[in-house]
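Try each task yourself before you read the solution.

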Amino acid sequence: MAHDEKPSSEREPASEPALLLAEYESPASIVHAAEKLRDAGYTAFDTHTPFPVHGMDKAMGMRDTPLGWIVFAAGATGCFCAFLMMWWMNGYDYPLIIGGKPGYALPSMIPVMFELTVLFSALAAVLAMFGLNKLPRHHHPVFYSERFESFSDDRFFLSVEATDPKFDLAKTRALLESTHAAHVELVEEER
Amino acid sequence: MSYYAPNAAIGETHLLDPKLSFHDITEQVSRVSEDKAPRGWWILFMVALTALGIFGGSVSWLLWEGPGVWGNNQPVAWAWDITNFVWWIGIGHAGTLISAILFLFRQKWRTSINRFAEAMTIFAVMCAGIFPGLHTGRPWFDYYMFPLPNQMTLWPNFKSPLIWDIFAVSTYFTVSAIFWYVGLIPDLATLRDRSKVGPGRFGKVRKLVYGFFALGWRGSNRHWQHYERAYLILAALSTPLVLSVHSVVSFDFATSVMPGWHTTIFPPYFVAGAVFSGFALVETLMIITRVVFKMEAIITMKHLELMNKIMLATGSLVGYAYSMEFFIAWYSGNEFERFVFINRATGPYWWAYWAMVSCNVISPQLFWFKRLRTSIPVMFVITIFINIGMWFERFVIIVTSLHRDFLPSSWGYFSPTIWDIGLFIGSLGLFSTCFLLFLRWLPMIAISEVKGTLAQADPHHGAHESEHDGAPASEPAPAHG
């Protein structure tokens, strides 16, 4: 953790501002703060909460997740692959005539088709969730803040990335302070 | 999962003490892996390790000598091994019911018990898988069961329910495991953030290991959005999955032409029994754990009582299925079917049948009385009875149907050998060892989910009071009457 107590102006020029981090004490105050940033036109900001806060997606002006469509495609693939596998193995490559039934008989394929639909969908749901979230990512500037570790306990944080087109050290800090933040700090990362 | 707003008009109260703060929840759950293990844990762990040793011995002797060391023989070719398989896999079902089905029904009380129950599912399915694997006789050829190219150029027969079972159980295990892990990620981040780097207490190792598996979770709302949707989808997928798994297990029996097995009631009957036995085992484990680790504030009497109600419902379903089986055996007019059922109740295995009925049908009926379903000693004894009864149910279905073949010259009687018993006790040891390690090293309660259900998780919590302070005239007075 490359954190020290010196004010940002006295740091070596080897580091540059990464983000501004504001800390709040309740879900209500962070929802209001997020609404304020959204209305001020910020886009590259995020909130960090110990649990998903109700109504935060709307407060941050986020679009719906496309995850459902990805999972649907994967599930359909799983179902089709299962059918293809059973048709090819039992009906084409080495037909097994059991109980006088055709090599491939759709009714007896249903259970395996169902199971593979579920398996493919579940794996896709998790892998696509990781992909959309860009996880695992063990390194992120927000972890430079020592206060930040209480996000997983009972504190609520709002971070504004320096890459945001509207980011301005003084103005953004003033805006965050006007949202009744309990604490605002600048997090820097090495150049 | 969003906050829980109790409806006072119908007598609902807060799930947990409203004085509990977010930090209290973090503290109570995380402390288990940070403090020294309580003495009770060590005692249980030593017992579990002993049983695990029995498991090792029983498996080694079985592999060395072959399945002849078991009591199975014609006509009873399936006995304790398959009984144990069905029993264990059934136990797993409660975990998925709590984590997925109760999630879809928005039963917020599940948050205190779901992590615990999901862990039970995973370890129970592991134990279940061992039995059919060993029962093949030559487990090193178990890969024949999977659609893998082999030297015989043969493929599995996909018309066999045993192959459906392979797919159902392995999918079930995989999906349960990833569902569990996804739920764990935010809580692993909590443990990571609490690990203080420094000497003693392995702070650095903890930070590294929990940090690695937490994947760099930073509670971002842009992550929570995808995360919550993935969780919802996994719950929606697990719901039909769990119903399918025990249905497919029941097809192993129902698609055969054995009297006593060849019935259409099997799939729903097996699923109800699975949920019934699983809840019983979750509760048995929970009653012990909440005392050993002092979790009474999070796993309250309300949770236990609700679980007892589910056991009462599923136990009654099972009792109905038993009587319906008898009715249909009589109504079918099939002599063999009638014989099997009368033989179950009065034949050489009458003791197993009546043990099953008294444990599964009679004992849960005591939960109709509020005093009994809120008494810890009573529910502890009943859950143990249910576990025993559900084991006997599978034993009765399997062994009594097989031991009287169609020809009286092929009749037999099955008795277990010491290796049957050893492997069963051993599987309990394997389960308990895994479970105790889980309790000790992973958050046994879903920290972030419990926090999300507290009243102060509501972004409008306390807003009404402050609005009244600021502008009392702006809101109309509530209408009385």
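Helices here are DSSP runs of H or I with at least four residues, numbered from the N terminus. By that count, B:Met286 sits in helix H8 (residues 266-292) of chain B. Keep in mind that this is a predicted model.

**Exercise 1. Decide whether B:Met286 is buried or exposed, and find its contacts.**

Step 1: count neighbours. A residue is called buried if 20 or more other C-beta atoms lie within 10 Å of its own. B:Met286 has 22 of them, so it is buried.

Step 2: skip the neighbours within four places in sequence. What's left in contact with B:Met286 is B:Ile113, B:Phe116 and B:Ile299.

Step 3: take one of these pairs and compare sequence with space. B:Met286 and B:Ile113 are 173 residues apart along the chain, yet their C-alpha atoms are 8.5 Å apart.

**Exercise 2. Work out how the sheet of chain A is put together.**

Step 1: read along the sequence. Chain A goes β-α-β-α-α-α-β-α-β, which comes to five helices and four strands.

Step 2: find the edges. Strand E2 (45-48) and strand E4 (183-190) of chain A each have a single partner strand, so one side of each has no neighbour in the sheet. On average, neighbouring strands are turned by 25° against each other, ignoring direction.

Step 3: zoom in on one pair. Strand E1 (residues 15-24) and strand E3 (residues 156-161) of chain A are joined by six bridges; A:Ala22, for instance, has A:Leu158 as its bridge partner in E3(A).

**Exercise 3. Explain why chain A is more spread out than a compact globule.**

Step 1: The globule rule gives 16 Å for 191 residues, but the radius of gyration of chain A is 25 Å, well over that, so the chain is more spread out than a compact globule.

Step 2: check the box. Along the principal axes, the C-alpha atoms of chain A fill roughly 85 × 35 × 30 Å.

Step 3: look at the domains. The assignment gives domain 1 (14-64 + 138-190) and domain 2 (67-133) of chain A, and their C-alpha centres are 44 Å apart.

**Exercise 4. Describe the side of chain B that touches chain A.**

Step 1: count residues. 57 residues of chain B are in contact with 59 residues of chain A.

Step 2: pick out the elements. Helices H1 (22-34), H5 (161-194), H7 (221-254) and H15 (447-453) of chain B each give two or more residues. H7(B) gives the most, with 16 residues.

Step 3: sort by type. This side of chain B holds 26 nonpolar, 23 polar and eight charged residues.

Technical notes. Residues numbered from 1 in each chain as written. Chains lettered and ligands numbered in written order. Predicted model: local features only at pLDDT ≥ 70, side-chain atom pairs only at ≥ 80, totals over all residues. Domains from an automatic or database assignment. Contact = placed C-beta atoms within 7 Å. Nonpolar A, V, L, I, M, F, W, Y, C, P; charged D, E, K, R; others polar. Pairing = 2+ DSSP bridges. Axes fitted to C-alpha atoms, helices over the stretch in contact; angles between N-to-C directions. Rg over C-alpha atoms; globule rule 2.2 N^0.38 Å. Buried ≥ 20, exposed ≤ 12 C-beta atoms within 10 Å, placed from the backbone.
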